[in-house]
Every structure is written in structure tokens, then in C-alpha cells.
Amino acid sequence: MSESITRNSPPEFLESVLWSCDQPLPVRKDSNRPYVTLTFAQSLDGKIAGKGGKQLILSGKESMVMTHWMRSMHDGILIGIGTALNDDPQLNTRHLPVTAHRVSPRPIILDSNLRLGLECKLLKNYRQGSAMQPWVVCSPLHAEDRDRFGRKEALEKAGAKIVEVPSHNDLISIGDLLPKLYNLGIGTLMVEGGSSIIASFLAEMSRTCDHNTHHAVDMLIITVAPTLVGDDGIGYGLGGKGVRVSLAPSPRVGSESDCTQISSLHHVHTELMGRDTVFACKLL
Ligand SMILES: NC(=O)C1=CN([C@@H]2O[C@H](COP(=O)(O)OP(=O)(O)OC[C@H]3O[C@@H](n4cnc5c(N)ncnc54)[C@H](OP(=O)(O)O)[C@@H]3O)[C@@H](O)[C@H]2O)C=CC1
Ligand SMILES: Nc1nc(O)c(N)c(N[C@@H]2O[C@H](COP(=O)(O)O)[C@@H](O)[C@H]2O)n1
């Protein structure tokens with residue numbers, strides 16, 4: 001069996017690109033938001049899911065274990081309700097060796113309308129005592145909003161903590177979300193997807209770009225699997241609901257275009273993990 005699967009500590013490159021496990025938090029220049037790692041697995045043709053959003057296991061064993069190590073290194077793990085409903089994920093660290101100290105991050109679900117199922121694995125695992133309490137982030141509730149109040153009560157009864165955050169263009173505002181999570185004790189946040197969430201974080205990064213500093217994402221870690229999914233697959237479209245973003249080859253400050261640009265990604269490390277390639281990039 002590959003040594004990277006059996007070892008009792010994170011792969012060395014992860015510790016060096018993120019931070020050492022002995023240090024609880026990476027040093028951040030601005031301290032009103034968590035350190036954010038945006039991460040996902042994609043095919044060679046840039047797809048993260050199959051036709052109609054069918055969940056695909058793209059990562060091989062080695063990179064999947066690496067992802068679970070990454071999970072164990074963050075306080076919180078964030079997904080969108082699309083992924084929660086589609087994949088019913090656990091977001092825990094069960095693929096780490098039994099001899100390793102497995103710490104699972106707190107699940108955080110962006111779910112403006114409180115659509116999360118009461119019997120989803122995230123809530124079940126919490127009720128069974130094997131996971132942290134999931135936080136469900138919704139848009140602000142108003143007195144006349146009876147349906148959502150009903151769902152809030154039901155979700156709370158099922159074990160969720162509901163966190164209200166302002167929305168922008170009908171989506172939870174990432175700019176408001178991050179300081180809120182930070183104030184609730186999330187110092188490090190792993191953003192796992194899906195497609196719309198990835199696009200929103202990239203867009204927020206591009207929107208808040210000033211003087212080569214971004215205010216949304218610190219590290220991008222992408223697993224690329226040697227497989228082709230085809231045109232029917234789901235990518236991480238950079239032009240979803242309320243999302244405007246484009247990628248630029250070099251830093252650009254003070255753009256007058258209405259479509260802001262993400263300055264160049266700074267390559268930090270490339271690691272071969274089994275059959276997959278893992279890229280770590282800093283966002284400059
Ligand atoms: N390969 C990989 O690594 C991964 C793949 N996936 C795949 O991704 C797919 C799911 O992607 P997708 O359907 O886009 O769903 P997402 O998980 O991205 O969730 C999107 C939903 O989240 C809610 N939301 C609230 N605030 C925001 C915000 N600021 N930005 C974006 N969304 C927000 C919206 O629903 P509402 O308005 O109701 O709040 C939105 O429709 C699945 O097929 C899954 O398998 C997922 C994760 C990783
Ligand atoms: N790293 C990685 N590789 C893949 O191939 C994937 N499909 C994903 N998906 C993400 O992991 C979630 C499932 O987590 P659990 O196994 O249930 O803990 C899924 O919902 C995506 O967020 N990731």
C-alpha cells in the first residue's frame with residue numbers, strides 16, 4: 001500500500017503550503033475573516049461532476065486521503081445546498097488511517113431557503129455523536145416568512161444551528177459571510193464546492209481585488225484526475241447567477257471593465273498523488 005495512504009500525518013506538501021499542524025492558524029494580514037482554502041477535484045477537461053450533476057469519484061485513493069487530511073486541518077468545511085442535496089456528503093475524515101488522530105471540521109452549508117433534508121448524513125452523524133453540529137447559513141428571516149420559520153424550527157430540532165447572513169443577488173453574500181464565520185470561531189475554512197460556490201468565491205476574490213490583495217480566498221488546491229468526462233459534465237462555470245468573473249494572465253488593478261479580473265495564480269506546488277496531480281496555487 002502506498003506510504004501516503006498509511007502515514008499518520010498530513011502529506012508534507014500540504015503542511016508546507018497550508019501551515020504546520022503545530023501552529024493553529026496561519027498568519028493573516030487582515031484578521032476579520034478566516035484563512036480560506038478553495039479546493040475540489042476535476043477531470044482533465046475541467047468537470048467536477050457528471051451529466052445532470054451526477055456525483056463522480058474523480059480522486060484516486062491517494063488524493064482522496066490527502067483531501068481528508070486537508071479537512072482535518074481546517075476548522076470549517078463549506079458546501080452549497082446543491083451539493084448537500086445532490087451528494088448527501090459526510091464531510092468527515094473517515095479515510096484517514098484508524099491510527100491517525102482524526103479531527104473532522106464543522107460542516108457549513110450555504111442554504112438561503114433552508115432546503116436541507118432533516119435526514120441528511122450531516123445531521124444524522126451529529127445526532128449520533130460522530131460529527132460536529134452543522135451550521136446552516138440562510139438569508140435573513142422576516143416575521144412574515146412562515147414557511148422558512150417552519151423549516152428553521154424543524155432543522156434546529158434535527159440538530160442544525162441556523163446562521164443568518166445578508167444576501168446579495170439572491171445568494172448569501174460571501175463578503176458578509178466570512179467575517180461572520182470568523183467571529184463565530186472559524187479561523188480556517190475549506191471550501192469544497194460545488195460548482196456555484198466555487199464560482200462565487202472566485203467572483204468575490206475578483207470583486208475585492210485591490211493592490212494585489214484579495215479578500216476571499218488564500219489558497220487554491222485542485223486535484224486533477226486523468227479522466228475525461230465530456231461536454232455533458234458540470235464544470236465550475238464562472239458565469240452563474242450573480243457571478244461575473246474572468247481570469248487574467250497578469251495582475252490588473254483598477255479595471256474599468258464591468259467584469260473584474262482575477263490576477264494571475266501563483267504556482268506554489270505540484271504533487272503527484274497516485275494517478276492524480278494536485279496543484280496548489282496562491283492567489284496574488
Ligand atoms: N468534484 C468535486 O470536487 C466536487 C463536486 N461537486 C459537485 O457539484 C455539484 C453541485 O454544484 P451546484 O449545483 O452548483 O451546487 P452548490 O453546492 O454550488 O450549491 C449552490 C446553491 O447554494 C446556494 N447558495 C447560497 N449562497 C450562495 C452563494 N453565495 N454562491 C453560490 N451558491 C449559493 C444556492 O441555493 P439557494 O438559493 O437555495 O440558497 C445555490 O443554488 C454536484 O454535482 C456535486 O457532485 C461538489 C463539490 C465538490
Ligand atoms: N476531493 C474530492 N474528490 C472527488 O472525486 C469528489 N467527488 C469530491 N467531492 C466532494 O466530497 C463530498 C463527498 O464527501 P464525503 O465522501 O461524503 O465525505 C462531495 O459532496 C463533494 O463536496 N471531492
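Is Cys138 buried or exposed? I looked this up and found Cys138 buried, with a relative accessible area of 0%; I take buried as under 20% relative accessible area, exposed as over 50% and partly exposed as in between, with a 1.4 Å probe and protein chains only.

**Basis.** I note that this is a predicted model, in which local features need pLDDT of at least 70, side-chain atom pairs count only at pLDDT 80 or more, and totals for chains, interfaces and linings use all residues. Residues are numbered from 1 along each chain as its sequence is written, chains are lettered from A and ligands numbered from 1 in the order in which they are written, and side-chain values use heavy atoms, with hydrogens and water left out.

**Cysteines.** I searched for disulfides (pairs of cysteine sulfur atoms within 2.5 Å) and the count was zero. For Cys120, the nearest cysteine sulfur is that of Cys138, 15 Å away. Cys120 is buried as well, with a relative accessible area of 8%.

**Ligand 1.** I listed the residues near this ligand (a heavy atom within 4 Å of it). There are 29 residues around ligand 1, and Gly53, Thr83, Ser112, Ser196 and Ser200 come nearest. I then checked polar contacts (pairs of N or O atoms within 3.5 Å; within protein, one must be able to donate a hydrogen and the other to accept it, and residues adjacent in sequence count only if both atoms are side-chain atoms). A polar side-chain atom of Asp87 is 3.0 Å from a ligand 1 oxygen, and a polar backbone atom of Gly194 is 2.9 Å from an oxygen of ligand 1. The protein covers 86% of the 920 Å² of accessible area that ligand 1 has on its own (Shrake-Rupley method, 1.4 Å probe; for residues, only the protein chains shown count as cover). Helix 4 (81-87) is among the elements that supply at least two residues of this shell, and its five residues are the largest share. I took helices as DSSP runs of H or I with at least four residues, and strands as E runs of at least two, numbered from the N terminus.

**Ligand 2.** I found 17 residues around ligand 2, with Leu56, Leu58, Ser59, Arg94 and Glu192 nearest. An oxygen of ligand 2 lies 2.6 Å from a polar backbone atom of Leu58, and a polar side-chain atom of Arg71 is 2.8 Å from a ligand 2 oxygen. Of the 520 Å² that ligand 2 exposes when taken alone, the protein buries 87%. Helix 3 (61-72) and helix 4 each supply at least two residues of the shell; helix 3 gives the most, with three residues.
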